[in-house]
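Open your viewer and get ready to click along.

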Amino acid sequence: MPELPEVETTRRGLEPALIGQRVSHAIVRHRGMREPVPRALERKIAGARIHGVQRRAKYLLIVCDRGTLIVHLGMSGRLWLVDGHTAPATHDHFDLVLESGATVRLRDPRRFGLVLWQDPGAPTHRLLAHLGPEPFDEAFTGDYLYRQTRARSAAIKQVIMDGKLVVGIGNIYASEALFRAGINPKLAAGRVGRARYIALVEHIRATLEDAIRAGGSSLRDYVGSNGQAGYFQNEHLVYGRRGEPCRRCGALVKEFRQGQRSTFYCAGCQR
Ligand SMILES: [Zn+2]
């Protein structure tokens, strides 16, 4: 599943090619995404000028003079640039064709992704309205996490994956950041002290930055916007490494189920 680093990698790949470009037209081949692609989208976006490509949590926002195209990659989506003459494949459900002929193409075999439109001046889209801060926001600090978690008995890994508290920390990066911070993922969030949260925030940022630099983790069918596979999975310290020696202490990495997701950790390094 594309997580924040994969979405940010996509954003950085698309931005230079899209800014200042004018949209010729959009092609919707399958309206049945997680929510239906709005009927008016093709009419509204035709002729629009693209001002920027932004990211909020895992939503990509293609900001135009006439409104904003909102794209979410869901479980299996990939958004990348193709030459306008490239024939669409089975799961290529959406194209944004630029006047230059270049085309932004969405491939999403499982169709859990989203293609939505927001008119200019409209209130924040309901899907974006209740999101917590970005991990790179100034508002996201160790003190903030400490205060927000005092009454929480849920495990820290599940708490830092809660998008109302902070967005964009998915399963892989939660495991990796907790390992780097030396925090046991099963620990009740309310029992983790301020100093450990301050360290955790730094490790969350460093983990995400390393993953973005590597172009994301290429798991299953994810490929970045330039068609290159990310390689951060080669740098995972614990995720996907059950039974392999911990890179720090040599103990064997363990895996267990937490909220229906796999958590990987080292019992020697994480307390
Ligand atoms: Zn270890």
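Which geometry does the site of the zinc ion have, judging by the angles among its four donor atoms? Select the zinc ion and look: the site is tetrahedral, with angles of 97 to 117 degrees. Keep in mind that this is a predicted model.

Now show the side chains around the metal. The SG atoms of Cys-246, Cys-249, Cys-266 and Cys-269 coordinate the zinc ion, at 2.3 to 2.4 Å. Along the chain, these donors follow the spacing C-x2-C-x16-C-x2-C. Find Cys-246 in the loop between helix H6 (194–213) and strand S9 (254–258), then Cys-269 in the segment after strand S10 (261–265). The pair therefore ties together parts that are 23 residues apart in sequence.

Is Cys-246 buried or exposed? Cys-246 is buried, at 5% relative accessible area. Cys-269 counts as partly exposed, because its relative accessibility is 24%.

Next, select S9 and S10. The two strands run antiparallel and are joined by five bridges. Click Phe-256: its bridge partner in S10 is Thr-263. Two residues sit between the strands of this hairpin, and Gly-259 takes a positive phi near 55 degrees. Four of the five residues of S10 are buried, so this strand is largely enclosed by the rest of the structure.

Last stop: helix H1, residues 4–18. Its 15 residues reach 20 Å from first C-alpha to last, close to the expected 21 Å. Its buried residues include Leu-4, Val-7, Leu-14 and Leu-18. After H1, click Gly-20, which has a positive phi near 85 degrees.

How values were computed: Residues numbered from 1 in each chain as written. Predicted model: local features only at pLDDT ≥ 70, side-chain atom pairs only at ≥ 80, totals over all residues. Heavy atoms only, no water. Expected span 1.5 Å × (residues − 1). Buried < 20%, exposed > 50% of the residue type's maximum accessible area, 1.4 Å probe, protein only. Donors = N, O, S within 2.8 Å, 3.2 Å for Na, K, Ca; no water. Tetrahedral: all angles 85-135°; square planar, octahedral: opposite > 155°, others 65-115°. Pairing = 2+ DSSP bridges.
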